[in-house]
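Please open the structure in a viewer and keep the selection tool at hand.

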Amino acid sequence: MDRPNVHNNFYYFTAALLFLLVASALVSSTPDGEHHIVVQLVMFFTQLVAYFTLSLGRHWRRFVFVMLVLMLIANILREFTTWHAAPITGLLVSLVFYTGMAIAAARQVLFTGYIESNTIVGAFAVYLLMGLIWTILYLLALELWPEGFNGIQHKDWNDNFGVMTYYSYVTMTTLGYGDISPALPVTRTLAYLQAVAGTFYMAVVVASMVGALRKTK
């Protein structure tokens with residue numbers, strides 16, 4: 001594959017996101033152990049891929065670099081201190097990173113006036129990022145309200161990452177299997193907002209592509 005450029009950059013990043021999802025699922029399927037280290041390394045790898053392959057704006061690399069530094073600091077605090085807010089800090093950094101990336105990527109792939117394979121892959125990457133954003137929101141809710149969900153126990157958020165990612169995408173696609181369900185008003189609100197956002201995003205993507213096709217005729 002060619003070096004990262006504006007015509008293939010989302011291929012690399014989307015592959016990294018898929019690797020994160022698959023890795024978190026495999027980790028969740030193994031006995032409890034050093035899950036948090038594996039999840040943190042894979043998340044860090046995803047940020048590195050974003051730094052070296054994407055170019056989504058004037059200050060993009062500076063933003064990613066700051067997020068990388070903050071993530072390292074949060075992980076060090078978690079591993080080597082007893083600071084009770086370290087897990088929430090790490091989640092907040094991840095939330096800012098994925099949200100900023102989703103906004104920047106959406107600006108590049110939606111309503112640009114043209115369609116190419118990289119644009120379509122980029123739209124898919126934004127969809128994956130939306131699922132990860134809500135995964136972090138659910139994990140934050142679980143940190144603040146340990147009884148916020150039925151079917152999942154409160155423990156280290158890295159150990160719950162794979163399970164909560166599954167719940168996030170199941171909710172966003174409105175499948176709703178029912179094995180995990182929100183138990184409090186705040187988690188129920190997050191769930192239906194995600195369902196609405198996922199449906200709305202698909203409508204926006206279709207409208208963007210239809211508009212681009214009309215311009216080419």
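Begin with the largest cavity, which holds about 40 Å³ of space. A cavity is a set of points, on a 1 Å grid over the protein atoms alone, where a 1.4 Å probe fits but cannot get out; the volume is the space filled by probe spheres set on the points, which are joined across faces, edges and corners. The structure holds one cavity of 30 Å³ or more. This is a predicted model, in which local features need pLDDT of at least 70 and side-chain atom pairs count only at pLDDT 80 or more, while totals for chains, interfaces and linings use all residues. Residues are numbered from 1 along each chain as its sequence is written, and side-chain values use heavy atoms, with hydrogens and water left out.

Select V109, L110, I115, T119, A123, V205, S208 and M209, which line the largest cavity; lining residues have an atom within 4 Å of a point. The elements that give two or more residues to this lining are α5 and α7, and α7 gives the most, with three residues. Helices are DSSP runs (H or I, at least four residues), numbered from the N terminus. What kinds of residue form the lining of the largest cavity? They divide into six nonpolar, two polar and no charged. Here Ala, Val, Leu, Ile, Met, Phe, Trp, Tyr, Cys and Pro count as nonpolar, Asp, Glu, Lys and Arg as charged, and the others, Gly among them, as polar.

Helix α5 has 28 residues and reaches 41 Å from its first C-alpha to its last, close to the 40 Å expected; the expected span is 1.5 Å times one less than the number of residues. Of the 28 residues of α5, 23 are buried (under 20% relative accessible area with a 1.4 Å probe, protein chains only; exposed means over 50%).

Now move to the largest pocket, with about 160 Å³ of space. A pocket is an open set of points with protein on both sides within 12 Å along at least five of seven lines. Its lining includes T99, I103, M130, W134, F200 and Y201, and α4 (86-109), α5 (117-144) and α7 (185-216) each supply at least two residues. The lining of the largest pocket has 10 nonpolar residues, one polar and no charged.

Finally, select α3 (residues 60-80). In α3, W60, V64, M67, L68, M71, A74, N75 and R78 are buried. They lie on the same side of α3 because they cover an arc of only 135 degrees around the axis, taken from the directions from the helix axis to the C-beta atoms. On the other side of α3, R62 and F80 are exposed.
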